[in-house]
Amino acid sequence: MSDPPPSSRELNGLDPAGVMRGVLGEGSSSWPAEGPVAWAAPDPDEIAVLFPGFEDVRFVNRGGMGAVYSATQITLDRRVALKLLPAELSRDPAAAERFRREARALGRLNHPNIVSIHDFGETRDGTFFFVMEYVEGADLHRLIREGRLPVPEALSIVRQVCDALEFAHGQGFVHRDIKPSNILVDAQGRVKVSDFGLAKLMPEHSDVPDEPTPTMTGSVVGTPDYVAPEQRRGDRPVDHRADIYSLGVMFYEMLTGRVPCGAFEPPSRRAGTGEALDRVVERAMQEEPEKRYQHAAEVKSEVDKASVPGNRGVWWKAGGLLALAAGAAWIWTKWPNNAKEENPMRPGNAAAPSMDVPVTNGLGITLLPTGTPGVLMAVGEVRRRDFEAFVRAKGPAGEGDVMVPNDTSWTAEPGSWETPPGLPAQSPDHPVVAVDQMEAEAFCLWLTAQERAAGRLGSRERYRLPTVDEWLTATGRTGGLEAYQVKLSASVVPSPERTGPVPVVMMPADAVRDLDGNVAEWTSTLGPNAQHRLVCGRSWAEETKPDDEVLPIRSYVRTLRGVALGFRLVLDRRMAP
């Protein structure tokens with residue numbers, strides 16, 4: 001009788017071929033100290049014996065660092081990816097540590113643009129394994145090899161990789177092996193960053209001063225064509241900016257079909273793209289980390305600016321609508337089965353509504369045009385009733401210390417969004433408060449999934465937090481963030497006149513309103529570092545000071561909760577997923 005199967009929690013699905021290309025990609029120097037191991041990957045029948053909870057096991061790929069199989073989990077009837085480390089390497093401390101490192105990293109990085117890991121363990125013969133999500137699609141290396149990507153698709157992929165890196169860096173992880181074979185793209189254009197086997201936890205996020213790397217001393221960690229200069233030389237500590245360099249190399253390759261080498265021509269000269277994208281690539285690939293973008297969110301912001309119609313040198317200044325249509329058609333034809341799907345909300349479908357038509361979603365939240373094409377903003381803040389639906393579906397949120405105003409300052413008191421300290425009784429229609437920025441982002445992801453499942457949202461539309469520039473545009477202010485001074489929380493003093501926010505009224509209106517009062521609002525705009533986000537608007541608890549007469553914009557640690565701090569939604573109907 002066979003041994004019991006390895007433990008397995010709920011599984012989801014990953015492109016196993018892409019994962020293996022990430023581990024085994026050409027030119028990789030990320031092998032353990034003793035190099036690749038010659039070994040015979042178990043055949044699917046052997047895997048079925050080791051994992052009796054799975055069926056229809058299919059071999060995908062193999063190499064010196066392991067093998068990947070796709071399989072169907074019987075209990076949930078879904079495809080998953082099984083990744084096994086060779087038994088020989090499972091007994092090697094360095095190789096086993098790399099495998100554990102990847103499992104630990106993926107286990108801590110719960111983000112829609114990062115591959116999910118659902119189980120990790122050891123088979124009865126001592127072979128390490130983990131189970132990952134399965135993505136129907138291809139890796140970016142294959143898409144580039146099959147022909148240069150349309151610029152709209154390249155921009156969409158870069159934006160999503162930036163989102164993944166910003167989240168990973170915020171959690172303290174440096175990927176250290178960003179390259180096309182580690183970027184998976186599914187049939188809907190959604191991106192998953194994979195292979196965190198070389199990921200390193202930055203010292204300020206680790207109890208260990210400098211975690212050892214499971215590679216030979218003096219060897220290069222990463223793939224030579226993509227590693228940052230300081231990573232290649234080993235002459236200084238490597239931080240998150242090394243990933244930004246690798247992203248710049250990959251972006252150049254996506255635009256031109258070639259990896260930059262030596263004194264390379266800018267993308268505009270080689271591939272005819274806009275000069276604005278040249279500047280993004282060149283800054284990301286600066287030799288010195290201090291001269292690069294300091295955060296992935298900055299790269300995304302610059303890509304967005306380069307994509308706005310009317311910008312000098314942007315990619316669609318000569319027939320951009322045709323490029324956009326070609327890009328959408330290209331990615332769609334890569335997976336012919338999708339042509340059979342009837343999604344009336346899919347961008348490009350004749351039945352799809354105009355991007356700037358007001359909508360009311362399934363929670364009863366009304367969203368109106370903001371002045372930013374394709375971006376609608378809620379007429380009021382997210383309410384307690386809305387957040388309660390999220391908590392019922394996803395579990396507890398908004399618990400811990402909450403900032404409460406007193407006569408002269410703010411103090412921390414225990415509480416939650418359900419029982420915000422110091423406030424009168426709150427109705428279901430009051431704005432939700434005592435929620436941090438990460439929980440606000442999680443709410444947006446949950447609502448996006450809910451609305452898509454209900455057929456009220458297209459596969460390329462999403463709910464998210466507004467940027468500061470979108471927030472300012474919605475209020476009729478011009479000049480963007482540069483026209484305003486970002487203030488610290490200490491510049492805001494409590495108001496003794498009011499005792500709490502007022503209920504939110506979700507009614508159609510001629511313009512987005514109530515942006516300057518009731519509660520201050522989280523945005524997605526980066527603050528001074530990866531742990532901070534900017535907050536816009538005054539709240540019921542704040543007394544206006546002379547230097548705040550225009551508009552207070554402050555920077556808070558994104559885990560801060562306050563009785564005067566909430567958020568509102570925007571609906572992004574542009575091509576970015």
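This is a predicted model: local features need pLDDT of at least 70, side-chain atom pairs count only at pLDDT 80 or more; totals for chains, interfaces and linings use all residues.
Residues are numbered from 1 along each chain as its sequence is written, and side-chain values use heavy atoms, with hydrogens and water left out.

Buried, here and below, means under 20% relative accessible area, while exposed means over 50% and partly exposed lies in between (1.4 Å probe, protein chains only).

Turning to the strands, an open sheet is formed by 5 strands in the order E11-E12-E13-E24-E16, with antiparallel pairing, where two strands pair if DSSP finds at least two bridges between them. Strand E11 (359-360) and strand E16 (462-464) each have a single partner strand and stand at the edges, so one side of each is left without a neighbour in the sheet. Within the sheet, strand E12 (residues 366-369) pairs with E13 in the antiparallel sense over 3 bridges, and Leu368 stands opposite Met377 in E13.

The aromatic rings come next. The whole structure holds 13 aromatic pairs, counted for rings of Phe, Tyr and Trp (its six-membered ring) whose centres lie within 6.5 Å, with planes under 30 degrees apart taken as stacked, over 60 as edge-to-face and the rest as tilted. Phe51 and Phe129 form an edge-to-face pair, 5.0 Å centre to centre and with 85 degrees between the planes. This pair links distant parts of the chain, 78 residues apart, since Phe51 is in the loop between helix H2 (44-50) and strand E1 (54-63) and Phe129 is in strand E5 (residues 128-133); both Phe51 and Phe129 are buried. The ring centres of Trp522 and Tyr556 are 6.3 Å apart and their planes stand at 80 degrees, so this pair is edge-to-face. Trp522 in strand E19 (residues 520-526) and Tyr556 in strand E22 (residues 553-557) are 34 residues apart, and both are buried. Ring pairs also link Phe387, Phe390, Trp417, Phe443, Trp446 and Phe567 into a cluster.

Charged side chains complete the picture, with 29 salt bridges in the structure, each a side-chain nitrogen of Lys or Arg within 4 Å of a carboxyl oxygen of Asp or Glu. Arg568 meets Glu381 in a salt bridge of 4.0 Å, N to O, and the two residues are 187 residues apart. Arg568 also meets Glu521 in a salt bridge of 2.8 Å, N to O. Arg568 lies in the loop between E23 and E24 and Glu521 in strand E19, so this pair ties together parts that are 47 residues apart in sequence. Arg568 counts as buried at 0% relative accessibility, as does Glu521 at 1%. In another salt bridge, the closest N and O atoms of Arg190 and Asp186 are 3.0 Å apart; Arg190 is partly exposed, with a relative accessible area of 33%, whereas Asp186 is buried, at 8%.

How values were computed:
Helices (H or I, at least four residues) and strands (E, at least two) are DSSP runs, numbered from the N terminus.
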